[in-house]
Amino acid sequence: MTANRINTAERRQAHAELTPPTYRRHRPGSMMAMVLGVGGIAIFSMRLGHYPLSSAAILDVLWSSLIGQDSALGSAVDNVVLAVRLPRVLAAILVGAGLSSAGAAFQTLFRNPLASPAILGVSAGAGFGAALAMLLSAGGVMLQGAAFAGGIVAVSSAVFIASRLGRGSVLLLVLSGLVVSALFQALTSALKFIADPLNVLPAIVFWLLGGLGQVSLSDLIYASPFALGGIAVLFLLRWPTQVLEAGDDEAKTMGISVRPLRLVLIAAATLTTAAAISIAGTVGWVGLLVPHLARLLVGQTYSVVLPASALLGAGYLLIVDDICRSAFATELPLGIATAVLGAPMFVVVLMRARRQWS
Amino acid sequence: MVLTVEGLVFRHAPVLPPVLNDIDLMLAKGEILCLLGPNGTGKTTLLRCLIGTLRAERGTIRIDGKTSSTARQLARKMAYVPQASGDSALSLLDTVLMGRTPHLRPLALPGRRDHDIALMALSRVGIERLAQRAFNRVSGGERQLTLIARALAQEPSVFLMDEPTASLDLGNQTRVLRTLRDLAADGMSILFTSHQPEHALLIGARVATLADGRIAHSGPAREVLSGEMLSDLYRTSIDVITLHGTPVACVPRI
């Protein structure tokens, strides 16, 4: 037994000789910079709007509300910051971080750099759920819940179909996701076809384009436990997830229970994504693009890429949402902006990252 | 015995004939066993049964006298070295760190001690200077050595290797074989599959031949390997060249 162990003295020696340049478990510096960056962008985002506010005023209002007092700036200012801008900024952070974490997890889980959170049908299912709710004239929490449930139903069907076709194949899972997405998109089209073209149809189309303009504090309260819970699970499981990169069989020989892990990861990423979509509508490209940006910044190690993706995604969506509400006289739908910005940025990232893949 | 396999039977489906039929194997501490056999006789299937990615229909597999029930338990005792493929962009150090997984507490990340063990493993196969290099940016031989280091970081009793010298040049084949011989000299038990019988001769391994799902011959390479036996096994004429009375090379007749 002992001959195969690497003994303590040898280890100490290796430590002395080799550790200083190579031992880097975390990168607290860059993570801290990203947290501060997101905070700064959030404050800046709250300044934007028809009612101009200084950073000092915003911080004053936030601090006063934290300690349970009204600020000295008057209830109108309090109202703008706390009821309008703060929910929107928090929603952008939650949606950006959630979609990007789910994207990073799926890209590693499926060992495919083109995987996005939508790959198992969560967006298509959520779109169908939302459209159905609007057709039945449900709004608010009902609409949000329907979108969330639609996403969960779609992914569960994909996982179920894949398990019927053959156990444990990632490829079958992706193909099942494709089939389920196509089906739910067709069903959504059918709902659009029968929807009243004067008011319901535009509402459906608008929801599907995505946006944070209608977000209220109560939307956030319902969605954030699922989104944050999902992100937390992905974060806690980041090491075993990274080992999956070696391939299912090899991961198993290193002690990973592959199938249960995969199901938990899919559940966590799906809860996160469904919660994000239920507040923001179907926002594409974020979960695909941001993990690649993170890899350019912090390298290929998934256990670092995941938190970096969450933080970058939060900052990225804050900026894109700022553009949506400030660039033109009327607000631009978020899904259009993420796609228009995401596509060229993705090409640039591909050119930078090409070396690492081929 | 470090590894004992008794009466192992495997078939792909209940109606099909068994791929592996009543296999018995034993591996002592510090021993190297080379598994020979033509393509498609079930060498890889046998390895996959041993590492737990295929479930045998019958038979027991014991390591240090005990059977393992979970992937984690098994991974602490037995490490698998696959044939190196090259698409991972992780650094060699991160790749080797994966081997620490069965020793980590649930939800924990590798700590300082695990990093030290990973670096030790890399230096034991002689490539610690490449620790920060990406896996897909080193040569095939260095990849194979990295995967050996990853297996070492698991601190197992047994190494299982699937054609560790496949698609390597002569220099890299020698480096890998030398590493195996040194590991065995330090007490590691190694089972590897190969298509090159002379590799078993080079490192003083024991040989087991697999034909039609059964072990046909078993014993020290220099005693078991003969022209007649190899010709029979691979169904083509093969001469064994001897030097000073010991076999050194196997040469097929075209």
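**Exercise 1. Chain B as a whole**

What percentage of the 254 residues of chain B count as buried? Describe also the secondary structure and the overall dimensions of chain B.

Solution. The model is a predicted one. Step 1: of the 254 residues of chain B, 47% count as buried. Step 2: the secondary structure of chain B consists of nine helices and 11 strands. Step 3: the radius of gyration of chain B is 18 Å, close to the 18 Å that the globule rule gives for 254 residues, so chain B is as compact as a globular protein of that length. Step 4: along the principal axes, the C-alpha atoms of chain B fill a box of roughly 55 × 45 × 30 Å. Step 5: of the contacts in chain B with a separation of 6 or more, 67% are between residues 24 or more positions apart.

**Exercise 2. Chain A as a whole**

Carry out the corresponding description for chain A, and state the confidence of the prediction.

Solution. Step 1: chain A has 15 helices and zero strands. Step 2: its radius of gyration is 22 Å, close to the 21 Å that the globule rule gives for 358 residues, so chain A is as compact as a globular protein of that length. Step 3: the C-alpha trace of chain A spans about 75 × 55 × 40 Å along its principal axes. Step 4: 46% of the 358 residues of chain A count as buried. Step 5: residues 24 or more positions apart make up 75% of the contacts in chain A with a separation of 6 or more. Step 6: the mean pLDDT of chain A is 89, and 91% of its residues reach 70 or more. Over residues 16-23 of chain A, however, pLDDT stays under 50, and the model has eight contacts beyond four places in sequence for this stretch.

**Exercise 3. The two domains of chain B**

Solution. Step 1: the domain assignment gives domain 1 of chain B as 1-64 + 157-226 and domain 2 as 90-155. Step 2: the C-alpha centres of these two domains of chain B lie 24 Å apart. Step 3: eight residues of domain 1 of chain B are in contact with seven residues of domain 2 of chain B. Step 4: helix α6 (residues 170-185) of chain B contributes four residues to the domain 1 side, the largest share. Step 5: the residues on this side of domain 1 divide into four nonpolar, three polar and one charged.

**Exercise 4. The contact between the chains**

How many residues does the contact take from chain A and from chain B?

Solution. Step 1: the contact takes 29 residues from chain A and 37 residues from chain B. Step 2: on the chain A side, α1 (8-22), α10 (238-244) and α11 (248-253) each supply at least two residues. Step 3: the largest share, six residues, comes from α1(A). Step 4: the chain A side divides into 11 nonpolar, 10 polar and eight charged residues.

**Exercise 5. Two residues in detail**

Is B:L122 buried or exposed? Then examine A:A146.

Solution. Step 1: B:L122 is found in helix α4 (residues 112-124) of chain B. Step 2: B:L122 is buried, because 28 other C-beta atoms lie within 10 Å and the cut-off is 20 or more. Step 3: beyond four places in sequence, the contacts of B:L122 include B:L92, B:V96 and B:A149. Step 4: A:A146 is found in helix α6 (residues 140-165) of chain A. A:A146 is also buried, with 21 other C-beta atoms within 10 Å. Step 5: A:A146 and A:S278 are 132 residues apart in sequence and 8.1 Å apart in space, C-alpha to C-alpha.

How values were computed. Residues are numbered from 1 along each chain as its sequence is written. Chains are lettered from A and ligands numbered from 1 in the order in which they are written. This is a predicted model: local features need pLDDT of at least 70, side-chain atom pairs count only at pLDDT 80 or more; totals for chains, interfaces and linings use all residues. Domain bounds come from an automatic or database domain assignment. Two residues are in contact if their C-beta atoms, placed from the backbone, lie within 7 Å. Ala, Val, Leu, Ile, Met, Phe, Trp, Tyr, Cys and Pro count as nonpolar, Asp, Glu, Lys and Arg as charged, and the others, Gly among them, as polar. The radius of gyration is taken over C-alpha atoms; the globule rule is 2.2 Å times the number of residues to the power 0.38. A residue is buried if 20 or more other C-beta atoms lie within 10 Å of its own, exposed if 12 or fewer, and partly exposed in between; C-beta atoms are placed from the backbone. pLDDT is the predictor's confidence in each residue, from 0 to 100.
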